[in-house]
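Hi,

Here is the structure I said I would pass on. My notes follow below it.

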Amino acid sequence: MTTSFAPLTVAIGDLVAHPANVRSNSPETYDPENIAHLKASIAVLGLLQPLLVQKLDGKYAVLAGGRRHAALKELIADKATKGFTAKTKVDCRLVPDDCDVTTALSLAENITQAQMNAIDEFEAFARMMEVDGQTPETIAKTFGTTVAAVKGRLRYGLIHPDIRAAARGKVITLDTMKAFAEHPSQEAQREVFEALTKDGGYLHAYTVRQALKSRGVQVSDDIGAFVRQDYEARGGAVAADLLEEHSVLEDAALVETILLEKLGAAAEDARMRLGFAWADAMVRYEYATMAGYGRVYPGPIEPDEVAQKRVDEITAELEKLQLEMEDEGLEDGAYNALYERVDALEEGPLLQCRRRGKQARCRSPCRSAGAHRRPDVPPRLLDTRRTRLSSLRSDRRPAAVPSHQPPLRAHLDHRDDQSRLRRMAFGLWRRQDDHCTARPADPPLRHRRNRQRELALQDP
């Protein structure tokens with residue numbers, strides 16, 4: 001049947017889409033991003049397979065090869081690509097006008113092609129570099145892809161032949177084969193492969209990666225990046241990979257020696273700076289070793305004369321700020337400024353130290369046995385944060401919204417002004433009783449507007 005399809009050359013400008021093309025109802029197939037690889041290939045290698053066309057209304061309709069046709073039109077529109085115009089002629093094969101299997105021809109073009117084997121693809125990329133002398137950059141240009149994508153395929157195509165043969169024979173999976181690319185040396189790959197398969201059994205990709213780690217450290221690992229400069233200065237061997245980040249520092253002993261030296265220097269620097277009695281460096285965290293050491297928890301401290309004077313000054317200022325915040329005529333902006341000032345004072349180092357000491361006392365065994373704070377020690381001396389939290393007088397608390405009056409904020413979303421409410425709620429939570437005793441049913445509010453909002457949001 002196909003012997004009657006006469007070969008001919010047709011100008012690209014005389015080609016149109018055929019209504020019987022089975023892909024005609026899928027315009028996304030011809031989008032520029034979906035034919036970029038084909039466009040790049042035609043630009044470099046030319047049109048390798050002729051188009052199947054049929055004469056319709058004085059034009060040549062493309063029955064099979066619609067993506068190639070779309071790529072040719074893209075090349076004409078691309079001014080950066082030379083050699084393609086509307087008058088450029090391409091090879092075609094002409095289907096007779098009386099052909100009654102046009103749809104079958106178009107369908108056969110699309111469904112009879114077999115998907116290429118992944119290993120064949122990897123090896124073909126490798127041959128282009130090893131035999132044809134191409135570079136990853138020229139290969140990427142030929143197929144309209146990135147250099148990194150090409151290098152990734154090349155890495156798999158350069159895996160030891162025995163391992164690739166095992167993947168072809170379904171002895172190992174494709175993912176397991178790819179795991180051997182973690183080390184660029186084919187000799188190291190072969191040794192690990194033989195060691196892991198000598199006893200038989202199923203080989204996992206994870207097992208391969210773990211075994212290859214003993215053959216060196218990748219330069220992209222934290223340890224590799226940390227020691228690489230000193231390693232190369234001492235002449236350490238580096239197994240170069242097509243992707244630089246996968247190159248391997250092969251001398252693991254030298255890597256560990258340099259690592260211990262640099263960690264030891266860092267530990268000594270920290271010891272001198274922090275005033276420790278001693279410091280040591282370890283490559284790996286060993287639980288058996290660390291179990292011999294205890295943990296030091298923060299404890300109470302007594303301020304000296306200067307520090308106590310500053311604590312008293314902060315306490316006095318907090319009391320003053322409390323009185324200012326209780327002013328009913330205070331604007332929101334002024335109130336927020338006072339709020340920030342209070343937080344800054346509370347987060348100061350002096351109050352933080354006293355607070356950590358207080359928390360250590362609360363965690364002591366006597367607290368769990370039911371011991372209470374000494375009655376002769378005022379709460380104010382234990383935590384200056386309590387100084388401004390006196391209860392509001394009952395005559396200054398806002399009255400509840402009457403049942404016949406609708407809530408003031410009922411028309412607003414429940415998340416309205418949430419950020420400020422959440423901040424105030426967090427502040428109140430932080431200021432609950434510092435000795436873990438129960439809070440009163442109606443705790444004093446820090447700001448009257450909190451209570452107003454709370455009442456306004458209640459159902460009448």
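One term before we start: a residue counts as exposed when its relative accessible area is over 50%, and as buried when that area is under 20%. Please keep in mind that this is a predicted model.

Start with helix 11, residues 222-233. A225, Q229 and A233 are exposed.

What lies over the buried residues? The cover includes strand 6 (217-218), strand 7 (238-239), strand 8 (248-249) and helix 12 (252-274). Just after helix 11, G235 has a positive phi of about 80 degrees.

Three strands form an open sheet in the order 6-8-7, with antiparallel pairing. Strand 6 and strand 7 are at the edges with a single partner strand each, so one side of each has no neighbour in the sheet. Two bridges link strand 7 and strand 8.

Now the cores. The largest nonpolar core has 17 residues, and I163, I172, M177, F180 and F193 have the most contacts inside it. Helices 4, 7, 8, 9 and 10 each supply at least two of its residues. Beyond its neighbours within four places in sequence, M177 contacts residues including I119, F122, Y156 and I159. A second, separate core has 16 residues, among them L15, V53, A71 and L75.

Best wishes

Key:
Residues are numbered from 1 along each chain as its sequence is written. This is a predicted model: local features need pLDDT of at least 70, side-chain atom pairs count only at pLDDT 80 or more; totals for chains, interfaces and linings use all residues. Side-chain values use heavy atoms; hydrogens and water are left out. Buried means under 20% relative accessible area, exposed over 50%, partly exposed in between (1.4 Å probe, protein chains only). Helices (H or I, at least four residues) and strands (E, at least two) are DSSP runs, numbered from the N terminus. Contact means heavy atoms within 4.5 Å. Two strands pair if DSSP finds at least two bridges between them. A nonpolar core is a set of buried Ala, Val, Leu, Ile, Met, Phe, Trp, Tyr and Cys residues joined through side-chain atoms within 4.5 Å.
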